[in-house]
Amino acid sequence: HGNGAPLARAGGRCAGEEADLGDPRLGSLTPRAAMRLLWFSDPVQAASGFGTQSREALRGLRARGWDAVNLAAALDAAAVAPVFEGIAVEAVGPDRHADAAALLAAVARRRPDAVVALADLWMVPQMTALRDVPWALWAPVDGEIATDAWDPLIRGATELVAMSEFGRSVLEPRRGRAVPVIPHAVDAAVFAPPEPALRDRI
């Protein structure tokens, strides 16, 4: 699939498989060549789950020639360095929610081929303001969704990706169509199934 970039660091794999942004499970966002991508999530330098996943994803994308920019939701946007390990970072805030105006301004300025949001649903209601650029939401789901308030976001994403089979079971009925699953990425050089003897002992 061209220069699709794995969501794990080069040489790493997701739990059970390598997840690739060129994976056919991503449907209409399956790229055929390097793209200009705006990646909305925590800052890549943040010591958070979203920050770590974003950092590894953008490292892989950049290594494959993609122009990938981290649109970073930050409590203190002024404290976020504009470049981290060669990754361009554009911080928005001051709240964790980036409002629709800030998102649309970044899209107009950067002119990406697509926008990807790695975030909880509550972080990204502003994504529904996107009209002229495809966007994907890669979201964890930790429990049942008790309100219809998130349905415009769930149904409006060009592509919606769950992180678990449970997440898929919650999102698909609201989405009204199939939702692919791509687990959190891990570095297989660090995280790997234990040897059988160790596994049995544990």
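**Entry 1. Overall composition**

I began with the surface: the protein chain exposes about 9600 Å², and carbon and sulfur atoms supply 55% of that area. The areas come from the Shrake-Rupley method with a 1.4 Å probe, and for residues only the protein chains shown count as cover. I note that the model is predicted, that local features need pLDDT of at least 70 and side-chain atom pairs pLDDT 80 or more, and that totals for chains, interfaces and linings use all residues. Residues are numbered from 1 along each chain as its sequence is written, and side-chain values use heavy atoms, with hydrogens and water left out.

I looked up burial next (buried means under 20% relative accessible area, exposed over 50%, partly exposed in between, with a 1.4 Å probe and protein chains only). Of the 202 residues in the protein chain, 48% count as buried. For contacts (heavy atoms within 4.5 Å), I found that residues 24 or more positions apart account for 55% of those with a separation of 6 or more.

I then listed the secondary structure, in which helices (H or I, at least four residues) and strands (E, at least two) are DSSP runs numbered from the N terminus. The chain has five helices and nine strands. From the N terminus on, their order is β-β-α-β-β-β-α-β-β-α-β-α-β-α.

**Entry 2. The sheet**

I traced the pairing of strands, which requires that DSSP find at least two bridges between them. Seven strands form an open sheet with mixed pairing, in the order β4-β5-β3-β2-β6-β7-β8. β4 (83-84) and β8 stand at the edges with a single partner strand each, so one side of each has no neighbour in the sheet.

I examined two of the pairings. Strand β3 (residues 67-73) and strand β5 (residues 87-92) are parallel and share five bridges; A72 stands opposite A91 in β5. Strand β7 (residues 135-139) and β8 also run parallel, joined by four bridges, and W138 stands opposite V161 in β8. Between β7 and β8 the chain passes through helix α3 (residues 151-156), and this β-α-β crossover is right-handed. The term applies if, with the strands pointing away from the viewer, the path from the first strand over the helix to the second runs clockwise.

I also checked the side chains of β8 (residues 159-162). E159 and V161 point one way, L160 and A162 point the other way, and all are buried. In a regular strand the side chains alternate between the two faces of the sheet.

Leaving out residues up to four places away in sequence, M127 touches F40, L103, V115, A117, W135 and L153.

**Entry 3. Helix α2**

In helix α2 (residues 100-110) I found L103, A106 and V107 buried. They lie on the same side of α2, because they cover an arc of only 100 degrees around the axis; the arc is that of the directions from the helix axis to the C-beta atoms. Their cover includes β2 (36-41), β3, β5 and β6 (114-118). The face turned away from the buried side carries the exposed residues A101, A108 and R109. R111 follows α2 with a positive phi, near 50 degrees.

**Entry 4. Helix α4**

In helix α4 (residues 165-175) the buried residues are G167, V170, L171, R174 and R175. Their arc around the axis is only 125 degrees, which puts them on the same side of α4. They pack against α3 and β8. The exposed residues E165 and P173 are on the face turned away from the buried side. Just after α4, G176 takes a positive phi of about 85 degrees.

F166 is partly exposed, with a relative accessible area of 36%. Neighbours within four places in sequence aside, F166 is in contact with V141, D142, G143 and E144. The C-alpha atoms of F166 and V141 are 7.5 Å apart, although 25 residues separate the two along the chain.

**Entry 5. Q53**

Last, I looked up Q53 in helix α1 (residues 49-63). Q53 is buried, with a relative accessible area of 8%. Not counting residues up to four places away in sequence, Q53 touches L118, W138, H184 and A185.
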